[in-house]
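Try each task before you read its solution.

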Amino acid sequence: MSGYTPIRILPGEGIEVLDQTLLPHEERYLRLDTVAGVAEAIRSLRVRGAPLLGVTGACGMAIAGEERGAGPEALAQAATELKATRPTAVDLGAMVDEALTAAGEAGGEGERRAALWGFAERALTRQRERDAALARHGRELPGLEGAVLTHCNTGGLATGGEGTALAVIAEAWRSGRIERCYATETRPLLQGARLTMWELGALGIPGTLLPDTAAASLIASGQVSAVITGADRIAANGDGANKVGTYGLAAVAARHGVPFYLAAPLSTFDANTPSGEAIPIEFRGEDEVGGFGDERWSPDGGGVYNPAFDVTPAELIAGIVCESGVLRPPYGPAIAALTAQNVDG
Ligand code: MRU
């Protein structure tokens, strides 16, 4: 971490989240102590990134216990509301369900509340440990030398720890293997331009921002030795959903013999989703494409196609880095073995 944290847990009270919609110009923490407030913060990407969504979902359940009482019906209702906010990142739904189970195993009302806060705090600690292990495994990836390209934002802002793909990049930079990170701007919400460039600056890593549309020619020019991104859900066969545009980067990288990697904790693997076709893709509103903030540049009513994520087929992925090591294709057997172990923690 570099002096900022995207979430602070205040057991018995609520959480404070760094409002990522305001970055990089303003670092403002938002206090959340209602389920509706947590749901709004997730929907509007004030908190975002698959692993952080999982931690925030767990916190949302603890907040539900304080706000609405920790009875089974109130908690089940809160779980439904939190899970409905964003469908693609498997971490969110999985952590909300795990929190529900943790509460169900506790005795009375007071114990259930304590169990929910304990679960949320452990979720954040566990994520930090996972990030650190993942980064160590990833730094020796073949091709991670010279300059790498990443997409969207996968640093501490997206996990609460050191991050996933950006943590790997940071490790490779610290060990002198890479000299520069290219960051796509990541239209339409600009996670690359606003958040990744901010985090690269905080880490002291030289960063170069490019429009999404320039990535193909950059890769074709031979100036990028590897492409590495995070993931929101990795299916049982290794197909991986990530920020829209990732598939295009992987396809172009393959065309030019540049390795494309995913970096994700085991919590992002979904053994119950057989392949990418079954991954639910979040579609977002017209306002995000036809303008930004209050500014409009497209005529109203034209309609938009605005998926937040796309799926990269497993055959385009050279390796998947997780806290247990680097998986290589074919991914199916390795994912089955690892996710079975991960059920216990
Ligand atoms: O819509 P976002 O900003 O939540 O999308 C985030 C991503 O696509 C990240 O790459 C992914 O969650 C991995 S985060 C470590």
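**Exercise 1.** In what order do the seven strands of the open sheet stand?

This is a predicted model, where local features need pLDDT of at least 70, side-chain atom pairs count only at pLDDT 80 or more, and totals for chains, interfaces and linings use all residues. Residues are numbered from 1 along each chain as its sequence is written, and side-chain values use heavy atoms, with hydrogens and water left out.

Step 1. Recall the terms: strands are DSSP runs (E, at least two residues), numbered from the N terminus, and two strands pair if DSSP finds at least two bridges between them.
Step 2. Read off the order: E6-E5-E4-E7-E10-E15-E16, with mixed pairing.
Step 3. Check the edges. Strand E6 (207–210) and strand E16 (325–327) each have a single partner strand, so one side of each lacks a neighbour in the sheet.

**Exercise 2.** Describe how strand E10 pairs with strand E15.

Step 1. Locate E10 at residues 260–263 and E15 at residues 319–322.
Step 2. Their pairing is parallel, over three bridges.
Step 3. Find Tyr261; Gly319 in E15 stands opposite.

**Exercise 3.** Which side chain meets Arg31 in a salt bridge?

Step 1. A salt bridge is a side-chain nitrogen of Lys or Arg within 4 Å of a carboxyl oxygen of Asp or Glu. The count by this rule is 20.
Step 2. The partner of Arg31 is Glu13, at 2.8 Å from N to O.
Step 3. Widen the view. Salt bridges with shared partners join Arg8, Glu13, Glu16 and Arg31 into one network.

Methods:
Helix = DSSP H or I, 4+ residues; strand = E, 2+ residues; numbered from the N terminus.
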